[in-house]
Amino acid sequence: SALGLQYLNLYRTVWWMPHSYTNQALNFDLIDPFIIAFSLTLLSRRLIWLSIRAAIIYFLPVSPSGRFVNGSKFCTIGMILVILGYLAYFVVQKHSMVNILYLVYPALVYFILFGAAASPFIDLSPGSQGRVKIYKDKVGTFRTNLAAAGGVPTSPELIRTEVAITKTDFNTRLKQVLFNTIISSYYSGFIPCAFCPSFLYYEVWWVSQHTLTTFLGCLTLYLVHCFPAGYNHLLHRTSLHLGLWHKMEGRISPNFY
């Protein structure tokens, strides 16, 4: 919807006036359909994967976390990348190299944040790591399988592992929030302006406000989704397991060590 509103801001007409030259609300002849298709494919990549995943689980007797679903995920990523490459080919034919760099610039940000990992491209929640895994129970509370990982729950080694896994999971979620917020506002707010014809006049302040509003709205939604109250409770419990340092006053005899 944010993408559509930005195009409405840029290409709106005065069709309601008596002597208007058009009877359409937008100047569709000025809009590049390949840019719209590229942006829509990239912004809806997660919806495409979740629809495919739901269809696989509904029609086939497979586990939601099985190899077949994981393999389908990578096939979906490949399909989306092929579609993006196909659309980018037509964009290259009509626009300058500077605009092409605008279009593919977020790919550099992705490789800086996530490296060559493919799952963050369509998955918001990080995958399992090591022995200690973070999962969500039926009540909706986030927990770690500390007892099932081996040893006693008060083992210093397991507690340090739990803290390290939780810290990595938190950092990954924060990267996902920032990256997806930037991507959503970039392709729905900035890209339509970057690829509009040079002779098109529009209100810069208005489209800038729209882009900023989209950024703040996406940031709020991603923060609520990736950091629910139950997950924040997990961080608090993990810090309690780690314990506290207490300063010891006075001289300590060598026998203490």
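Good morning. Helix H5 (residues 97-114) and helix H6 (residues 156-194) pack at an angle of about 180°, and their axes lie 11 Å apart. This is a predicted model, in which local features need pLDDT of at least 70, side-chain atom pairs count only at pLDDT 80 or more, and totals for chains, interfaces and linings use all residues. Residues are numbered from 1 along each chain as its sequence is written, and side-chain values use heavy atoms, without hydrogens and water.

Helices here are DSSP runs (H or I, at least four residues), numbered from the N terminus. Axes are lines fitted to C-alpha atoms over the stretch in contact, with angles from 0 to 180 degrees between N-to-C directions. H5 and H6 are therefore roughly antiparallel, a term for angles over 145 degrees. Among the residues of H5 that meet H6 are Tyr102 and Tyr110, and the H6 side includes Phe179 and Tyr186; contact means heavy atoms within 4.5 Å.

On a 1 Å grid over the protein atoms alone, a cavity is a set of points where a 1.4 Å probe fits but cannot get out, whereas a pocket is an open set with protein on both sides within 12 Å along at least five of seven lines; lining residues have an atom within 4 Å of a point.

Which helix gives the most to the lining of the second largest pocket? H5 does, with six residues. H2 (33-43), H4 (67-94) and H6 are also among the helices that each supply at least two.

Finally, the lining of the largest cavity includes Tyr7, Asp32 and Phe195. Thank you.

Notes. Angles under 35 degrees count as roughly parallel, over 145 as roughly antiparallel, 65 to 115 as roughly perpendicular and the rest as oblique.
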